Amino acid sequence: MPKPRRALTARARTVEVDVRLERLFPGATATLCALDRRSPFELIVATVLSAQCTDEQVNRVTPTLFAAYPTPAALAGAERDTLEAIIRPTGFFHSKARHLQALAAALVERFDGEVPRDLDALCSLPGVGRKTANVVRSVAFDEPGLPVDTHVMRLSHRLDLSRGRDPVAVERSLCRALAPDRWGGFSVRMILHGRATCTARRPACERCELEELCPRRGVARAA
Ligand code: SF4
């Protein structure tokens, strides 16, 4: 088993991880995102629904949802019980319905029914945090944005790319290491690797393409 390359700085390791993950998961950020959508509006709605839910489950719900409510105005004016019944399989459907309708109303009232690109404007929308805002920026608009979810946090710590204790601190570390046009793709590839190989409970270090770079290989269960 080769020795991990501890001599690399966190910044250099981040760049190398980015290169290797792109080999593993080639393609554009928008293509790699597993949420089905046809517009920024559909993406922001699907991303809100994906909290505590798999992308596959969200994709099962959204065709019905978008057929019923194709615009922010339609969603804002939806009958709450009907909306909740449609999104119920995604879990937390009461709060998600409330958030989605407040979000849709804000889009209509403050942004002429369009999803904004600006990070602060996105974060000002009800139910939209920094992670969701960065998903929308990178996937829908091909703008710089590095969403930090639970997978990105876990892998960043295991690979010692960042010692940040919260998502914003980790995002800052990663963004400092990578060019802005790499941010979105890096995030989505870290998520894919976290789901496929570096899982929370059983990381498959023996078949991990990042093993050589990883200070926690083989001991990640204690992470
Ligand atoms: S070597 Fe193990 S802990 Fe490190 S990134 Fe790969 S799967 Fe995760």
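**Helix packing and domain contact**

Thr14, Val17, Asp18, Leu21, Glu22 and Leu24 of H1 are in contact with Phe186, Arg189, Met190 and His193 of H12, where contact means heavy atoms within 4.5 Å. Helices (H or I, at least four residues) are DSSP runs numbered from the N terminus. The model is predicted: local features need pLDDT of at least 70, side-chain atom pairs count only at pLDDT 80 or more, and totals for chains, interfaces and linings use all residues. Residues are numbered from 1 along each chain as its sequence is written, and side-chain values use heavy atoms, with hydrogens and water left out.

**H1 with H12**

- Helix H1 covers residues 10–24 and helix H12 residues 183–196; they pack at an angle of about 70°, with axes 10 Å apart (axes are lines fitted to C-alpha atoms, for helices over the stretch in contact, and angles run from 0 to 180 degrees between N-to-C directions).
- H1 and H12 are therefore roughly perpendicular to each other (65 to 115 degrees; under 35 is roughly parallel, over 145 roughly antiparallel, and the rest oblique).

**H10 with H12**

- Helix H10 (residues 150–158) packs against H12 at an angle of about 80°, and their axes are 8 Å apart.
- H10 and H12 are therefore also roughly perpendicular to each other.
- From H10, the contact uses His151, Val152, Arg154, Leu155 and Ser156; from H12, it uses Ser187, Met190, Ile191, His193, Gly194 and Arg195.
- Four nonpolar, five polar and two charged residues make up the contact of H10 with H12.

**H4 with H6**

- Helix H4 (residues 55–68) and helix H6 (residues 80–87) pack at about 155°, with their axes 9 Å apart.
- That angle makes H4 roughly antiparallel to H6.
- Val61, Thr64, Leu65 and Ala68 of H4 meet Leu83, Ile86 and Ile87 of H6.
- This contact has six nonpolar residues, one polar residue and no charged residues.

**Domains**

- The domain assignment gives domain 1 (10–25 + 148–213) and domain 2 (40–140); such bounds come from an automatic or database assignment.
- The C-alpha centres of domain 1 and domain 2 lie 27 Å apart.
- Six residues of domain 1 and five residues of domain 2 make the contact.

Definitions and conventions. Helix = DSSP H or I, 4+ residues; strand = E, 2+ residues; numbered from the N terminus. Nonpolar A, V, L, I, M, F, W, Y, C, P; charged D, E, K, R; others polar.
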